[in-house]
Amino acid sequence: VASFRESLPGFCIPEISENGSLKALGLYHPLLGTPVRNDFTLAKGCLITGANASGKSTFTKALAVNAILAQTIRTCAASYFSLPGLRVLTSMAVRDDILSGESYYIREISYLRRIVDAADDSAASLFLIDEILRGTNTGERLAASEAVLRYLAEKNCITVVATHDLALTDRMKDCYECYSFGSGSLKSGFAPDYIIHRGPGKSQNAIWLLSHMGFPDRIVKKAQELFRLSTG
C-alpha cells in the first residue's frame, strides 16, 4: 500500500459517510500518468453523456476503481473522497464470447441481470454501467434501458450510467441527475478538456471524427447530409 501511494501523483485516505452520498474532489484514474482531476457529488443515480473520446468511460472507471480502493486499502486517487459502505458492481468492456456462443447483447444483458439481482437484496450498492444496452436497436434499447433504470432507481443503490443516448437523459430526468463531458471546439480540432459538467451534453463528434481519421470526403459529406435530414 505504501508503494502504491508513493507511485501516485496524489492520494487521500477516504471517509466512510453516514448520509448515503458520494463525494469526490480531484478524482482521477490511478493508471494515468498525467490525469485530469474531477470533482463529483452524487446522492442518487446519474446519467453521463458526451462526445466520443471525451472522458465518459475513463471517469466511470475511475469512480469504480476508487470506490473499491476506498473500501479495501483505504487509499484513493483523489484529494478528497467520501462514500457510504457500498458493494461495487459494473457492466463495462463487454465482449461477445465465441466459445460459449453468446452474442454481445446476450453478454450485456447477463451483466445487467447480475446488477438487477444484486439490487433486490438489502445491501447498499454502487452500480456503474458503460454504454447501456448498445448491442441492440434504438427503439428497444431506449425502452429496455428506461425500464431497467427506473427499477434500479427504487432500490438501495447509486447507479452511474455512461451513454450516448441523449433521448434517454430526457426520459430519465425525473429520477436521475445528468452530467456530461464536452468535445471542445471542432473548428480548431478535437480538444476535449475531460472535465465533467452538470447537465446533459449536447456536443456530438462522430461524423467529424470520420473526417479527422481520413475517411473520403464523399462519405463525410453524405453522413452530414443524412444527419441533417434525420434531425430536421
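**Figure 1. The largest nonpolar core.** The largest nonpolar core holds 26 residues, and F40, I48, F59, L63, F81, L126 and V160 touch the most other members. Such a core is a set of buried Ala, Val, Leu, Ile, Met, Phe, Trp, Tyr and Cys residues joined through side-chain atoms within 4.5 Å. Buried stands for under 20% relative accessible area, exposed for over 50%, and partly exposed for values in between (1.4 Å probe, protein chains only). At least two residues of this core come from each of strand 2 (22-27), strand 3 (38-42), strand 4 (46-50), helix 2, strand 5 (80-83), strand 7 (125-130), strand 8 (157-162) and strand 9 (177-181). Helix 2 supplies the largest share, five residues. Helices (H or I, at least four residues) and strands (E, at least two) are DSSP runs, numbered from the N terminus. The model is predicted: local features need pLDDT of at least 70, side-chain atom pairs count only at pLDDT 80 or more, and totals for chains, interfaces and linings use all residues. Residues are numbered from 1 along each chain as its sequence is written, and side-chain values use heavy atoms, with hydrogens and water left out.

**Figure 2. V160 and its contacts.** Leaving aside neighbours within four places in sequence, V160 is in contact (heavy atoms within 4.5 Å) with L42, C46, I48, L63, L126, F127, L128 and I129. A second, separate core has 21 residues, including A118, A119, L142 and Y176.

**Figure 3. Two residues of helix 4, L149 and A153.** L149 lies in helix 4 and counts as buried, at 0% relative accessibility. Its contacts, apart from neighbours within four places in sequence, are L47, I132, T159, V161, L168, M172 and Y176. L149 and G45 are 104 residues apart along the chain, and their C-alpha atoms are separated by 8.8 Å. A153 belongs to helix 4 (residues 138-153) as well, but is partly exposed, with a relative accessible area of 38%. Beyond its neighbours within four places in sequence, A153 is in contact with C175 and Y176. From A153 to G85 there are 68 residues in sequence and 18 Å in space, C-alpha to C-alpha.

**Figure 4. N66 in helix 2.** N66 sits in helix 2 and is buried, with 0% relative accessibility. A polar atom of the N66 side chain lies 3.1 Å from the backbone oxygen of Y28. Setting aside neighbours within four places in sequence, N66 is in contact with L27, Y28, P30, C76, A77 and F81.

Figure 5. E177 is placed in strand 9 and counts as buried at 19% relative accessibility. The side chains of E177 and R198 make a polar contact (3.1 Å). A polar contact is a pair of N or O atoms within 3.5 Å; within protein, one must be able to donate a hydrogen and the other to accept it, and residues adjacent in sequence count only if both atoms are side-chain atoms. Not counting residues up to four places away in sequence, E177 touches T41, L42, A43, K44, G45, C46, L47 and R198. G50 is 127 residues from E177 along the chain, with 14 Å between the C-alpha atoms. T49 is found in strand 4 and is buried, at 0% relative accessibility. Residues up to four places away in sequence aside, T49 touches K56, T163, L166, T169, Y179, S180, F181, P200 and G201.

Figure 6. R74 is in the loop between helix 2 and strand 5. Although R74 is not a glycine, its phi is positive, at about 55°. R74 counts as partly exposed, at 36% relative accessibility. E131 is in the loop between strand 7 and helix 4. E131, also not a glycine, has a positive phi of about 55°, and is buried, with a relative accessible area of 8%.

**Figure 7. The second largest pocket.** The second largest pocket contains about 210 Å³ of space. Its lining has 14 residues, and L32, V36, N38, T58 and Y194 lie nearest its centre. Helix 2 (residues 56-70) gives the most to the lining, with three residues. By type, the lining residues are nine nonpolar, five polar and no charged. Ala, Val, Leu, Ile, Met, Phe, Trp, Tyr, Cys and Pro count as nonpolar, Asp, Glu, Lys and Arg as charged, and the others, Gly among them, as polar. On a 1 Å grid over the protein atoms alone, a pocket is an open set of points where a 1.4 Å probe fits, with protein on both sides within 12 Å along at least five of seven lines; lining residues have an atom within 4 Å of a point. Grid points are joined across faces, edges and corners, and the volume is the space filled by probe spheres set on the points.
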